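Please read these notes with the model open beside you.

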Amino acid sequence: MTLIFTTALLAFFKLFPILNPPAMAPVFQEITQGVPDRIRNRIAFAISCYTMYLLASLLLVGGWMLKILGVSIDVIGISGGILLFHTAWGMLNRGDRLTSSEQAEIKSMSGKVFFPLTMPMTAGPGAIAVTLSMVPEGQFFAKSTIFEVIGINIGIGLAATTVWIFYRFSGAFLSRLGNTAKATIGQISAFILLAIGVQLIWTSLSNLIRTL
């Protein structure tokens, strides 16, 4: 039990700063602008669940699959950074954060909930890389390895829960702000998301160049 508890805490404290739900909550509110609160709350819960499913699946099979396919984490970082850049650029250059068809997809809980709201906006390349780095190195069916996997999954679940909390309840705070303040926060959030995408591309590209 001690191993499970300590592993869960370690996994949570590794993932929480990467997921960074306090900073990403305004981005979520901005992207879902115009969507009814009831639907937005359901989307926040769905994103939390998808985040947990995605990272838990990566923990169980991702590390071994990447080794088999010969795909490096840095390549994932570059790909995810490009996706983040594309999403943020669209937010900065569109008057309406979503087109009519995109809002219809979100309202019907299809299309946009997993991409880009879950991946790469919430559980992006950083979270993927951190999760893959936590894959236990011991034998798969060893007792200690099983306990580690359980602990890491608990940590993933806790981190995903904080995503739901911040996405779900940040709207009450943001709704008290004026339109100018909300627009400013939205633009700053989009710019931060853009910068994160560029940083991911640069860091991953630098790592690849050093291996040449």
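1. A place to start is Ile 76, which is found in helix H4 (residues 73-93). Helices here are DSSP runs of H or I with at least four residues, strands are runs of E with at least two, and both are numbered from the N terminus. Not counting residues up to four places away in sequence, Ile 76 touches Leu 66, Val 71, Pro 125, Ile 128 and Leu 132; contact means heavy atoms within 4.5 Å. The C-alpha atoms of Ile 76 and Ile 201 are separated by 9.5 Å, although the two residues are 125 residues apart along the chain.

2. A word on the source. This is a predicted model, in which local features need pLDDT of at least 70 and side-chain atom pairs count only at pLDDT 80 or more, while totals for chains, interfaces and linings use all residues. Residues are numbered from 1 along each chain as its sequence is written, and side-chain values use heavy atoms, with hydrogens and water left out.

3. Now the chain as a whole. The protein chain has nine helices and zero strands. Of its 212 residues, 43% count as buried; buried means under 20% relative accessible area, exposed means over 50%, and partly exposed lies in between (1.4 Å probe, protein chains only). Among contacts in the protein chain with a separation of 6 or more, 87% are between residues 24 or more positions apart. The accessible surface comes to about 11,300 Å², and 68% of that belongs to carbon and sulfur atoms. Accessible areas come from the Shrake-Rupley method with a 1.4 Å probe, and for residues only the protein chains shown count as cover.

4. Is helix H2 largely enclosed or largely open? Nine of the eleven residues of H2 (residues 21-31) are buried, so this helix is largely enclosed by the rest of the structure. Among the buried ones are Pro 21, Met 24, Val 27 and Phe 28.

5. Aromatic rings come next. The whole structure has six aromatic pairs. Rings of Phe, Tyr and Trp (its six-membered ring) pair if their centres lie within 6.5 Å; planes under 30 degrees apart count as stacked, over 60 as edge-to-face and the rest as tilted. One of the pairs is Phe 12 with Phe 13, which is edge-to-face at 5.3 Å centre to centre and 70 degrees between the planes. Phe 12 is buried at 16% relative accessible area, whereas Phe 13 is exposed at 55%. Another pair, Phe 28 with Tyr 167, is stacked, with 4.7 Å centre to centre and 10 degrees between the planes. That pair links distant parts of the chain, since Phe 28 is in helix H2 and Tyr 167 in helix H8 (residues 143-174), 139 residues apart. Both Phe 28 and Tyr 167 are buried. Phe 12, Phe 13 and Phe 16 form one aromatic cluster.

6. Which residues meet in a salt bridge? The side chains of Asp 37 and Arg 40 do, at 2.8 Å from N to O, and the structure holds one salt bridge. The term means a side-chain nitrogen of Lys or Arg within 4 Å of a carboxyl oxygen of Asp or Glu. Asp 37 and Arg 40 are three residues apart in helix H3 (residues 37-69), so about one helical turn separates them. An α-helix has 3.6 residues a turn, so residues three or four places apart point the same way. Asp 37 is exposed, at 53% relative accessibility, but Arg 40 is buried, at 11%.

7. Ser 48 is also found in helix H3. Its relative accessible area is 8%, so Ser 48 counts as buried. A polar atom of the Ser 48 side chain lies 2.6 Å from the backbone oxygen of Ala 160. Leaving aside neighbours within four places in sequence, Ser 48 is in contact with Ala 160, Thr 161 and Trp 164.

8. The last point is a surface feature. Leu 60, Val 61, Met 65, Ile 68, Leu 69, Val 71 and Val 75 form a nonpolar patch with about 620 Å² of accessible area together. Patches are made of residues with over 30% relative accessible area and no salt bridge, with like charges joined within 9 Å and nonpolar side chains (Val, Leu, Ile, Met, Phe, Trp, Tyr) within 5 Å. The largest share of the patch, five residues, comes from H3. Ile 68 is exposed at 67%, while Leu 60 is partly exposed at 40%. Leu 60 also touches Val 149 and Asn 153, not counting residues up to four places away in sequence.

Note on methods. A polar contact is a pair of N or O atoms within 3.5 Å; within protein, one must be able to donate a hydrogen and the other to accept it, and residues adjacent in sequence count only if both atoms are side-chain atoms.
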